[in-house]
Amino acid sequence: MGQGYLVGGGAKKNGFLCPVCRELNPAPNTRRPPSDWASLLRTDFHIKSLIKALQPAPTMTRRQGQRTENPCSLHGDKELDLYCCDCSVSICHLCAGISHRGCLQVVTLADAASDRRVTFDLQKRELLARLGRVQRLRTDLDSAIRDLEQQRALAESAIRKASQDAVTAVRRRETEYVEELAQRFQTIYGGVTKRLLTADQQIAACKQRLELTESRLAGSSDAEVIQGLSSVLDTDILNVDTKKMKTLLSSLKQVHLEFVPFVPKLNFGEVVVRADPEVKPDQQTAVRKRVPPPLPPKRQRSTTLPSGQGVVVRINTPVKVRTISAKFREDACPPKLRDILVFGAENILVVTDWANQCVKTFHSRRELDSRLALGGKPWCVTRISDAQVAVSLPISCQICIVKVVPRLALLSSFFAQKRYSGLASLSSETLVASGAEDGHPCVDIINLGGEVLQSFSHDVAKGTQLFSYPGYLSVLPGNREFIVSDRRKAAVVCMDVSGRTKFIFQPAGSMRLQEPAGVASDGHGRVYVAENRGVVRLTAQGQLDRTLLRLKDGVEDPRGIEIGSDGLLYITNAQDTIVVYRTPM
């Protein structure tokens, strides 16, 4: 019908007029014949209904008076056999030609229902796929929970085993204490009984002689009694030294056998919960910002002597080699570095960060830099073996043993008897530690169990108190002498392992040390001291050699100081950076 209308005269040059609204519809392709434009005509359901009404009525498929299965609410005798997609409502043919004439998409109810079935089937498939994913995720969660329960059971077994081992060690130590007590008691008892046995023998001899004399006097005459009594009185029959016995009694009363218990907090392990169980602690490498390569050192200035001999004299001043930032991405606050250690031939830098409660390492290859949280505020660090260091935690009275290579890892820790801050290594088994707990500053030599082997607080020769706040230590070459910096006394003390003082550097006036901190020594025995104003160097005899660095050289509040195997001077600067200098000889 549409083709006949267009061919019959409805077509224009660029389109055709709509037979209903008489609006011009542009042709999709003017080169095509008008008969192909009929697809653009809207369906006129009113005309279609009229045509259907003029057609012969089909054979009745239902009885007269039978009601329509799905009647239209507006046209009760018409069936809802169409669907308006624009209004989302079922309609009849009359509704399509009247109230829904302007709608763009009207389809049969069967087609709409088919589309709904297809859409529902697609939604059903998607829902089933999501349900499968959720079920698989739920299964994985159940498996993870079971694994976590197994880990808890294994950890509980490990705790119980460690507890049993600790009990066994305590029982063994108990036996040792009892044996030691018995041995000491036997030593004292043996000496006393030996002396008492001699006194008992003398007393027995005296009693025997008295009994014999008494029996003889009983049957004697008066003259014999007088003579025998005189002989008894003139003879000291009780030859017992009562003065020695009194001395022995006094000494014995002063002896006290007792047991002084010292039960530190048990620390035979640690419950660790890692965010990623597949990443080991020693593999957790911090991501750091890339630091540009160091600039080449400036050429030292030179001058010529006035005599014109052409002799060039180099000005002997320290040269800054590079600066290293100590901040990691994991840091919660700006770093506060307290000490530094140059570790191994690779010159690995190990620093303690007081503010972030961790130890950090810096390598020549920056991707190897690492960070280890300790759960306490660290102060000093010292090397105890080719792969391990000891770190002091003064607030918690702990000393931690940390593995440095290949990555930082906490190996063990033990509780000390005092709040040690300064720490240096005499050997792989002994440390020299300093602290000022309860107003009793001292320097102790301890083992790796926290037992105090020796303690120094006064000058052996003068008897005067040596320390007020000993904060940092350094062992000199040979491991027989060590250096102590005292912050409050503004002094540096050198002493040997027997407690004898070698020298005390405590200048006055303008050369007075301003809150001395870290100390270090080089291969020549010279001592380097960090203070608020910079760094000074002392001779091996404790005399001022020279002032190396001052604030004008870029040094600000240095704390830790160390000499590397490359001869460079490493300083913690402004508490958050590490500055490296090449120092004059």
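**Entry 1: around Arg550**

I began with Arg550 and, leaving aside its neighbours within four places in sequence, I found it in contact with Glu531, Arg533, Gly534, Val535, Val536 and Val555, where contact means heavy atoms within 4.5 Å. I noted that Arg550 and Val535 are 15 residues apart in sequence, and that their C-alpha atoms are 6.7 Å apart in space. Arg550 is placed in strand 28; helices (H or I, at least four residues) and strands (E, at least two) are DSSP runs, numbered from the N terminus.

I must keep in mind that this is a predicted model, in which local features need pLDDT of at least 70 and side-chain atom pairs count only at pLDDT 80 or more, while totals for chains, interfaces and linings use all residues. Residues are numbered from 1 along each chain as its sequence is written, and side-chain values use heavy atoms, with hydrogens and water left out.

Strand 25 and strand 26 (residues 527–531) run antiparallel and are joined by three bridges, and I saw Ser521 standing opposite Val527 in strand 26.

I also went through an open sheet of four strands with the order 17-18-19-20, again with antiparallel pairing. Here strand 17 (420–425) and strand 20 (452–456) are the edge strands, each pairing on one side only, and the twist averages 25° from one strand to the next. Four bridges join strand 19 (residues 440–447) to strand 20, and these two run antiparallel; Asp444 stands opposite Ser455 in strand 20.

**Entry 2: a pair of helices**

Two packed helices are described by the angle between their axes and the distance between the axes. I read that helix 4 (residues 109–218) and helix 6 (residues 242–254) pack at an angle of about 155°, with their axes 12 Å apart. Helix 4 and helix 6 are therefore roughly antiparallel to each other, a term kept for angles over 145 degrees. I wrote down that Ile188, Val192, Arg195 and Ala199 in helix 4 meet Met245, Leu248 and Leu252 in helix 6.

**Entry 3: a salt bridge**

How many salt bridges does the count come to? It comes to 24, a salt bridge being a side-chain nitrogen of Lys or Arg within 4 Å of a carboxyl oxygen of Asp or Glu. I looked at Glu481, which forms a salt bridge with Lys502, the closest N and O atoms being 3.4 Å apart. Glu481 lies in strand 22 (residues 481–486) and Lys502 in strand 24 (residues 501–505), so this pair ties together parts that are 21 residues apart in sequence.

**Entry 4: two backbone details**

Most residues other than glycine have a negative phi, and most peptide bonds are trans. I found a cis peptide bond joining Val405 and Pro406, with omega about 0°, and Pro406 is in the loop between strand 15 (398–403) and strand 16 (409–415). Cys397, a residue other than glycine, has a positive phi near 55°, and I located Cys397 in the loop between strand 14 (388–393) and strand 15.

Key. Two strands pair if DSSP finds at least two bridges between them. Axes are lines fitted to C-alpha atoms, for helices over the stretch in contact, and angles run from 0 to 180 degrees between N-to-C directions. Angles under 35 degrees count as roughly parallel, over 145 as roughly antiparallel, 65 to 115 as roughly perpendicular and the rest as oblique.
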